[in-house]
Amino acid sequence: PLQTPNFTAAMMTRVVILALSCVAMASPASGFVAQPAGGLALRSSPLAASSARSTRGASVGPKMQLQELAGATADAVNAVGGVDGAMLLAKSIWPAPLVDATTAYMNLFAPLLKSLNLPPFLLHWFHALNMGVVLGAMGGYGSYLGWKTRLEPGAAGQLAGGPAWANLGKTNGDLHKTLMGAMALIFFLGANGGLVLTLVQGKPIMESSHFTSAMAGFGLLAAQASLTTRFKTENAATARTTHAFLGSATMAVFFYHAYLGLQLGFEYSK
């Protein structure tokens with residue numbers, strides 16, 4: 001079908017803006033998260049207050065801001081006993097009422113997890129192990145099937161490889177949809193579990209680049225789902241192309257999210 005130039009240009013523009021926004025949100029080097037060598041600073045820490053003051057001073061040059069941030073970092077690290085780490089957070093980018101409401105809601109489930117008396121290792125790393133398997137197995141194979149059906153149009157209607165218990169008796173195209181949809185659902189449930197596990201360990205939530213990158217990933221998944229509604233329109237070719245490349249970008253964001261999670265996990269295990 002004929003593609004309208006205006007629609008194609010608008011679609012690609014939105015993809016570029018969305019991708020850049022997600023990279024900015026997920027990156028610990030962004031304006032949201034600072035990563036000098038130091039400990040974990042909460043929103044109420046001296047570092048957070050100093051960082052907020054430095055960003056409000058429009059007349060202060062970038063070099064001076066960096067110098068002030070470095071000085072504040074040293075003060076904050078000394079104040080908390082010189083804890084080392086790579087996940088130093090100047091402040092949360094999320095509104096305080098949202099953080100408080102989310103924390104209160106997640107705390108409803110904390111007593112249940114505490115009552116299970118899980119081993120410390122499992123309590124600390126269960127979320128990482130669970131989500132890692134889902135990302136690698138379901139996300140990885142689902143992405144492979146997506147590109148397979150794109151590069152080999154005839155393969156979409158063919159029965160997926162492997163035994164019946166693995167392919168669920170579905171074609172390549174249908175199994176791609178099933179795997180990616182299930183991955184998104186498990187990620188949502190796993191994110192809730194990860195927040196509760198973090199609270200059970202007495203750690204703050206929503207103040208790390210790991211959390212922010214998760215929100216960026218969920219935003220990309222929502223965009224991916226919305227693109228599938230255009231697959232049977234006159235702009236189907238553009239929508240499918242966008243879906244394929246944005247899908248790969250989404251997986252890259254989630255693998256980066258996993259890397260940040262490992263950093264945070266090792267930081268919290270000290």
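In this predicted model, Trp147 has a relative accessibility of 26% and therefore counts as partly exposed. Its ring takes part in an edge-to-face pair with Phe245. Across the whole structure, a search finds 8 aromatic pairs.

**Tyr105 and Phe109**
- Tyr105 is partly exposed, at a relative accessible area of 43%.
- Phe109 is also partly exposed, with a relative accessible area of 38%.

**Trp147 and Phe245**
- The ring centres of Trp147 and Phe245 lie 5.4 Å apart.
- The pair of Trp147 and Phe245 is edge-to-face because the ring planes stand at 85 degrees, and the cut-off for that class is over 60 degrees.
- Trp147 belongs to helix H6 (residues 120-151), whereas Phe245 belongs to helix H10 (residues 236-268).
- Phe245 counts as exposed because its relative accessibility is 51% and the class begins over 50%.
- Trp147, at 26%, is partly exposed.

**Other aromatic arrangements**
- One aromatic cluster is made up of Phe187, Phe218 and Phe254.
- The ring of Phe231 has the charged end of Arg240 over it, at 4.3 Å from the ring centre.

Terms used: Residues are numbered from 1 along each chain as its sequence is written. This is a predicted model: local features need pLDDT of at least 70, side-chain atom pairs count only at pLDDT 80 or more; totals for chains, interfaces and linings use all residues. Side-chain values use heavy atoms; hydrogens and water are left out. Rings of Phe, Tyr and Trp (its six-membered ring) pair if their centres lie within 6.5 Å; planes under 30 degrees apart count as stacked, over 60 as edge-to-face and the rest as tilted. Buried means under 20% relative accessible area, exposed over 50%, partly exposed in between (1.4 Å probe, protein chains only). Helices (H or I, at least four residues) and strands (E, at least two) are DSSP runs, numbered from the N terminus. A charge sits over a ring if NZ of Lys or CZ of Arg is within 6 Å of the ring centre and within 35 degrees of the ring normal.
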